[in-house]
Amino acid sequence: MACPYMNGGDPLPHRVTFMEGGEECQQGVNKVEMGFGQTYPEYLQLDKILTAQKLKSEADGQRVDDEHLFIVIHQAHELWFKQIIFDLDIVRKLLNNTIVDETKTLKIVSGLDRIVKILSLLTEQITLLDTMSPLDFVDFRKYLTPASGFQSLQFRILENKLGVKQERRIKYNAQHYKNVFNDEDLKALNTTEEEKSLLTLIESWLERTPGLKSTSEDEGFWSKYESSVNKYLRDLAKQAEDPSNTEEIKKQLRAEYSKTSDAFQSILDPRQHEQHIRNGNRLLSHDATKGAMMIYFYRDMPRFSQPYQILTFLMDIDSLFTKWRYNHVLLVQRMLGAKQGTGGSSGYMYLRSTVSDRYKVFLDLFNLSTWLIPREYIPMLSPRMVKTLSEHSNLSHSQSSESE
């Protein structure tokens, strides 16, 4: 059989060739010799970055090679945390307006997309430490005490800026998480607790979702949604009582109907929703939750396309943080077993308790699927609302207020 890449044994006449070096590729200048600005090492201050890996084991005369990897991984984490905080502040500033300029939502989407990509990188980056054996780690672990990742100021600042609520935190050795920081760091942490978090800003933004509430000119989404849910539930009840079903099937379908009806009632009834917030099961206000649901249902409308991307990226951020915490837990269990952490915590047992919904900032967005209804029941938009959701608004003729 002839080779498909050869023509009767001869090379194809139009094969790819590469240019060889000639005069054209050598036409340039050496700007370093000409004294233009800063060089690559100077601009990046590599003299500081690349000399910051000080091996304690080497200073003690017992160098452990894997300590170098351990330091580089954690330093890289801190650099990426800094970039995430930088991008997060830009996103928060854009959202922190009485009226969010919809022409700027692409920048919000891009910022969140970058954060998601960095977190994806970090979830994989931490697994590089798996190339180090537990015995190798034991050889230099004594030099780490009392240093601990729990003392990462940037990680706590990042949690606060995202919206991790203080009452939902797992205590560190039965103490407040701030107890490991000095006075200067505490000032920075207190500032992040006082300013508006991403969660707070997203909540306010969702509460202002266009078309959510009824007006004199148009019936709002929520009243239509309530009618659609009731129709959907009536149909479920009817299906459960279908004469062709056996008694066993009827019993099962009735139970499913009852559970589904209770779930929908928990979102249709504002009092039940508020009770869930008080119980810590939900974080977003009722209006914000309704706004998120409207965006979900009508994400194909031009005005909701990017908001839907924003909600998706927010869930991605939560998911990746959870994945990162989980990878960290597995790593610690592999390296330490049941030993105490270098900072004094219970180690694996403490970290395992942090991999839970308590640290999911946008938990409510994950739960929206509970109240989705089949497409055939989704309320039709009025012509006026279709027009509204097809036109973007901006701030060219409106005033906004920024607090940051």
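Start with the largest cavity, to whose lining helix 7 and helix 14 each supply at least two residues; helices here are DSSP runs of H or I with at least four residues, numbered from the N terminus. The model is a predicted one, in which local features need pLDDT of at least 70 and side-chain atom pairs count only at pLDDT 80 or more, while totals for chains, interfaces and linings use all residues. Residues are numbered from 1 along each chain as its sequence is written, and side-chain values use heavy atoms, with hydrogens and water left out.

Select Glu159, Leu162, Val164, Ile317, Asp318, Phe321, Arg325, Tyr359, Val361 and Phe362, which line this cavity (on a 1 Å grid over the protein atoms alone, a set of points where a 1.4 Å probe fits but cannot get out, with lining residues having an atom within 4 Å of a point). Its volume is about 60 Å³, and helix 14 gives the most to the lining, with 4 residues.

Next, select helix 7 (residues 153-162) and helix 14 (residues 302-336), which pack at an angle of about 150° with their axes 13 Å apart. That angle makes helix 7 roughly antiparallel to helix 14, a term for angles over 145 degrees.

Finally, show the side chains where the two helices meet: Phe155, Leu158, Glu159 and Leu162 in helix 7 are in contact with Ile317, Phe321, Trp324 and Arg325 in helix 14, contact meaning heavy atoms within 4.5 Å.

Terms used: Axes are lines fitted to C-alpha atoms, for helices over the stretch in contact, and angles run from 0 to 180 degrees between N-to-C directions. Angles under 35 degrees count as roughly parallel, over 145 as roughly antiparallel, 65 to 115 as roughly perpendicular and the rest as oblique. On a 1 Å grid over the protein atoms alone, a cavity is a set of points where a 1.4 Å probe fits but cannot get out, and a pocket is an open set with protein on both sides within 12 Å along at least five of seven lines; lining residues have an atom within 4 Å of a point. Grid points are joined across faces, edges and corners, and a volume is the space filled by probe spheres set on the points.
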